[in-house]
Amino acid sequence: MSTETLIHKLKKHSIKDIPRLFKANYDHYIRHDLPYYLYDKIPFGYAPAPRSINIKITNRCNLNCVMCGQTATRHQKWQQEELSADDWIHFLRSAAHFNPYISFWGGEPLMFDGIIDIFREIHRLGLQTGIITNGLLLEKYAPDLASFDNLHIGISLDGPPEIHDEVRCRKGTFQKMEDGLNAVNHFRKKYGKQPKQLSVIFSTITPKNQYHFPELIDTARRFNPEEMCISYLTFVTNELIAGTNRITEEQLNTRFDSLEGFKADITQYDIPHIEKLTEMIRSNEFNVPFKLHFNPVLNPDEVKRYYFDMRFTMGRKTCFRPWFIAELLPNGQLNFCPDFPDYRFGDIRTTPFLKIWNGTEARAFRKLLKKFKLLPMCVRCCGLLTHQPRSVLRH
Ligand code: SF4
Ligand code: SF4
């Protein structure tokens, strides 16, 4: 129900109905919509408790994909430090009172010892949770994963089987992922539960798969997802890196070295072909039984600008994430930019989370964003593309 509909409904009621209507709509309008309108009006860089917490639980991975942007800083010592499962469980108990959605990613999150204990605790706490996985370990953990009704599974799919394997740089990865998803549903059936619908398939257009999207979308049908999200690419240029560091070194005393991993050779993209693909998806030519969309949503004539014109920000004026989404690193530090974790602070083992969330460093970043609206690194960041707060508020 939109705000206009609410006003229309209110007009039909007498004044004494208002408290009852207010109570009935509290969750929808106060908890969800109000922060959307007010989030950046809160002074001094403060923010309400986050709606979502994304936990990058490990940087370790059992693959070495061709497009992985994490390679630039994965070797650094701080990237290799990991909290224990007990540390995370302790943290989750302390955060449960503000009811965040908890999402796990990595690296490969199923490589983290104790991940099932963590899911068990999240289930006990009554929180919703999700995992983005490359699928290689799904089969191993299928008996446990099948038991969690509150767990949303997302996978990355890069093409039909042979192209997926080529992008993932290892033969058999597609088959292993499919076997894993089937195993989860085998155990769901055994436990008398409905099959688990895959929540989301993420696909990124790369030079290797750009000519294979019709087969890729056809392959996605096998998994019956709720949603398939195709991304153009998260990338930066040398100019964006230099521009970012000029600002952040002066204002935050931080260099964003991770940006180096996201440089891409854009000349390898067949722009007319991607424009055509964009048009085909916009006009629903694939006729799939799930939500199929691009991220960001572009007109075909905007595709070229996306890749080549860094002044084009797709209508986005700023990034809202630091007000709504916390990104936690394997070592328990907080940051705001999922792919670029150079500005990081705190330690959830030693400081209460909400103290870090509204601490000096966090507020300095929000204030910087309020001042500049967008930093150069923001313009092709996946964080900017999901720019509507409502898309994360209503999880
Ligand atoms: S599975 Fe993900 S984290 Fe691992 S190498 Fe591939 S892209 Fe990188
Ligand atoms: S858009 Fe900018 S502020 Fe937002 S997550 Fe990305 S890099 Fe960070």
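Helices (H or I, at least four residues) and strands (E, at least two) are DSSP runs, numbered from the N terminus. Residues are numbered from 1 along each chain as its sequence is written, while chains are lettered from A and ligands numbered from 1 in the order in which they are written. The model shown here is predicted: local features need pLDDT of at least 70, side-chain atom pairs count only at pLDDT 80 or more, and totals for chains, interfaces and linings use all residues.

View 1. Strands of a sheet pair through backbone hydrogen bonds, either parallel or antiparallel.

View 2. In β5, I201 and S203 make up the covered face, whereas V200, F202 and T204 make up the uncovered one. Together, β5, helix α9 (residues 213-221) and β6 form a right-handed β-α-β unit; right-handed means that, with the strands pointing away from the viewer, the path from the first strand over the helix to the second runs clockwise.

**View 3. Strand β3 (residues 129-133) pairs with β4.** The two strands are parallel, with five bridges between them. To find your place, look for I132, which stands opposite G154 in β4.

**View 4. Ten residue names mark the surroundings of ligand 1.** They are C61, L63, N64, C65, C68, Q70, G106, G107, E108 and N134 (each has its C-beta atom, placed from the backbone, within 6 Å of the ligand). Sorted by class, this shell holds four nonpolar, five polar and one charged residues.

**View 5. Ligand 2 has a shell with ten nonpolar residues.** Around ligand 2 you will find C319, R321, F336, C337, F340, L369, L375, M377, C378, C381, G383 and L384. The rest of this shell is one polar and one charged residue. C378 is in contact with C319 and L384, leaving aside its neighbours within four places in sequence (contact means C-beta atoms, placed from the backbone, within 7 Å).

**View 6. Two residues have a positive phi, and one peptide bond is cis.** Most residues other than glycine have a negative phi, and most peptide bonds are trans. N284 has a positive phi of about 60 degrees although it is not a glycine, and lies in the loop between α11 (271-282) and β7. N284 is exposed, with 9 other C-beta atoms within 10 Å (exposed means 12 or fewer such atoms, buried 20 or more, and partly exposed in between, with C-beta atoms placed from the backbone). K373, also not a glycine, has a positive phi of about 65 degrees; look for K373 in the loop between α15 (360-372) and α16 (382-385). K373 is partly exposed, with 13 C-beta neighbours inside 10 Å. Finally, the peptide bond from N295 to P296 is cis, with omega near 5 degrees, and P296 sits in the loop between β7 (291-295) and α12 (303-308).

Technical notes:
Ala, Val, Leu, Ile, Met, Phe, Trp, Tyr, Cys and Pro count as nonpolar, Asp, Glu, Lys and Arg as charged, and the others, Gly among them, as polar. Two strands pair if DSSP finds at least two bridges between them. Two residues are in contact if their C-beta atoms, placed from the backbone, lie within 7 Å.
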